[in-house]
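We will go from stop to stop, picking residues as we go.

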Amino acid sequence: MAAASLDLQGLLARLDPTADVAQRHIWLVDVFDWLRGDRASPQAAVGRVSLLLDAVEARPELRGRLRAWWRAFTQAVDLTTLLADYGFAPRTAFVSELTERLRRKILPGTPETTDASDLFRMVLPGAFDAGWIALLDDAQLARIGNLLADAALDDDGAPRWRHTVMDAVTYCSSQVVAAGFSPELRLRMSAASESRAFHALMSDLDALREQMFRAPRNEDALQAAFLAFRDRLDACRASASSVYTHLEDNGISVGLVFRLRQLRERVLRIRELLDCLISPAPAPSVARLVGRLVLAGGERNSIRALIASNSSMLAAKVTERSAETGEHYITRDRASYLQMVRKAAGGGALTALTVLLKFGIYSLALSAFWSGLWSGLMYAASFVAIQLLHLTLATKQPAMTAPAMAARLRDIKTDAAVADFVDEVANLVRSQVAAVLGNVGLVVPAMLALALLVQFALGRPLLDAAHAAATLQSLSLAGPTAVFAALTGVLLFAASIVAGWTENAFVLHRLDSAMRYNPRIGAFLGAARARRWATFMRTHISGFASNISLGLMLGLLPAFAGFFGLGLDVRHVTLSAGQIAAAAASTGMAVLQQPALWWAVAAIPVIGALNVSVSFYFAFRLALRAHSVSLGDRARIRSAIWARWRSRPISFFLPA
């Protein structure tokens, strides 16, 4: 304590209201460094605040110097920038915002500034400061207010800080009005609300300002003006919120979501500033505001917070439309379960032809890139054919159904909602079991039949002995198959991202309406055909994007990985099962005695499980982020799923 007092005495001795801007600000930074101490606990910082107040109040001369310092500080520094704009990102572009935050982290700041935001970042840099400020009691806050009271008065006799706060309210309100009047938001507000609330916001604010600084003050008139402005502000917020309904129905724009979030945060900032102005005892409200500014500045400077915020908006962008598309992939009763098996069997039969074409492309001995490209195009064509024939490829489902399930998490607070969600998990797992069994169950006999047909037609096996042995060895469970299967699950997830982004862009830009009503397209296709094409593309655009992107990734990944010397490959459960069947048919009955066959067969369930689980895991996490499900709710969901698994495991595999 003695050492702390000596440090404090040295700080107070350096208090010089006539010093230049840099020295005054350095003193302020040093004071707050002393208050934080070793950051052992917020309570210790609160104790140091009491020490500082005791030392200043005990010396009238020091109180005079402190008030003079505060007067010089408020005259030199523009505090309205801090109050109105601190914590708000000025741009929507991720790269430019990331660059700005990296610049602030790498390059040192200077206390020689009149920008209160830059100075605030140096004085109160972290969440620890918000913690100890929140612990200040009313008595301490009142003592701080008394020390600085009337240190700076405007011409009308009102404290300058009230004019500063009111100016900040004006700047924030103008930003709210500008956002509400922007065509991106105005044209998407509901017809009932439109943007009328924004028209009168500034006039209500002028009335509040007039009552705030009228002498003598009429408290009843002030309260009425405050309530009118607050209600108008709430109306503006409600009007802006109506845009979300439009986005859900017509596609999501990251830029629009960013503007809506900024508008909401500015409305909350205005409410906090008004609390400081209207409250009869403003000190606690000012302390809460400062604490919020500290936290807002921490998020504004955090690269992790930037990535989290942008990933949340991107998650909403790519999952909302996929939720609509993925519903029909979930089976809920015996009839739909059997229908899924039939569709998957058809998909398995068509995949056997895909495997045959793959071996045909490899037999051409093309370079790695061209072989990968033609394989990717062939995969894409095969997957699109499966889609258009209304068949099913098993591992395509999880990435598309996870958003549909996560859409049910919007209201997950009750136990009944959690139980309903667990039912959906069981439905999904059963769907995967049905689809994998259908795919693998038919791709094997179909591939055996094709291999025998090729052997009969060509007079030789589909694969020679060396290629057949190499195929079985490459798919062996004893090799890196599990790693490649997990990597393929990541590609399935990436394909779902492409699908969600493409469908959202198609809907957001109203391309189906353009195809239906654009005069040039109508003249080229004819009105009836244009309507059919518009409906067709609206229905299938997500599947086209997913299937084409997945096919190209499956074909090109090994080629690109080989360019960098990485021996990566893909392992898709249905394609792998078909390749094993082709190798076995080419080898003949003797293959049944080879361990390589059974090691490859043992890999099939592992490949299927990893394809499904990895793609579903990433897609489901993305959907959780899109709907901002809390950690507590996630724990409740996991516990409920494990409870279902222990009590009724069969429900995850067979319908009731």
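Start by selecting Gln 579: its relative accessible area is 12%, so it counts as buried, a word used here for values under 20%, with exposed for over 50% and partly exposed in between (1.4 Å probe, protein chains only). This glutamine sits in helix H27, residues 573–587; helices (H or I, at least four residues) and strands (E, at least two) are DSSP runs, numbered from the N terminus. Now show what surrounds Gln 579: apart from neighbours within four places in sequence, it is in contact with Val 355, Lys 358, Phe 359, Thr 471 and Leu 475. Contact here means heavy atoms within 4.5 Å.

A word on the ground rules before the next stop. You are looking at a predicted model, in which local features need pLDDT of at least 70 and side-chain atom pairs count only at pLDDT 80 or more, while totals for chains, interfaces and linings use all residues. Residues are numbered from 1 along each chain as its sequence is written, and side-chain values use heavy atoms, with hydrogens and water left out.

**Zoom out**

Switch to a cartoon of the whole protein. Of its 656 residues, 48% count as buried. Among contacts between residues at least 6 apart in sequence, 81% join residues at least 24 apart. Accessible areas come from the Shrake-Rupley method with a 1.4 Å probe; for residues, only the protein chains shown count as cover.

**Into the cores**

Select Trp 132, Val 169, Leu 208 and Phe 229, the residues with the most contacts inside the largest nonpolar core, which has 78 residues. Helix H15 (residues 254–278) gives the most to this core, with nine residues. Another core lies apart from it, with 49 residues, including Ala 434, Ala 582, Ala 585 and Ile 604. A nonpolar core is a set of buried Ala, Val, Leu, Ile, Met, Phe, Trp, Tyr and Cys residues joined through side-chain atoms within 4.5 Å. In soluble globular proteins, nonpolar side chains tend to be buried together.

Go back to Leu 208 and show its partners: beyond neighbours within four places in sequence, they are Met 166, Leu 222, Ala 225, Phe 226, Phe 229 and Leu 274.

**A surface patch**

Which residues form a nonpolar patch on the surface? Select Leu 364, Leu 366, Phe 369, Trp 370, Trp 374, Leu 377 and Phe 560, which together have about 720 Å² of accessible area. Helix H19 (residues 368–388) gives the most to the patch, with four residues. Leu 366 lies in the loop between helix H18 (334–363) and H19, and is partly exposed at 37% relative accessible area.

**Two arginines in loops**

Pick Arg 39, in the loop between helix H2 (21–36) and helix H3 (42–57). Its phi is near 60 degrees, a positive value in a residue other than glycine, and Arg 39 is partly exposed at 43%. Then jump to Arg 510, between helix H23 (481–508) and helix H24 (511–517). Arg 510 also has a positive phi, of about 55 degrees, and is exposed, with a relative accessible area of 53%.

Conventions
Patch = residues over 30% accessible without salt bridge, like charges linked within 9 Å, V, L, I, M, F, W, Y side chains within 5 Å. Salt bridge = Lys/Arg side-chain N within 4 Å of Asp/Glu carboxyl O.
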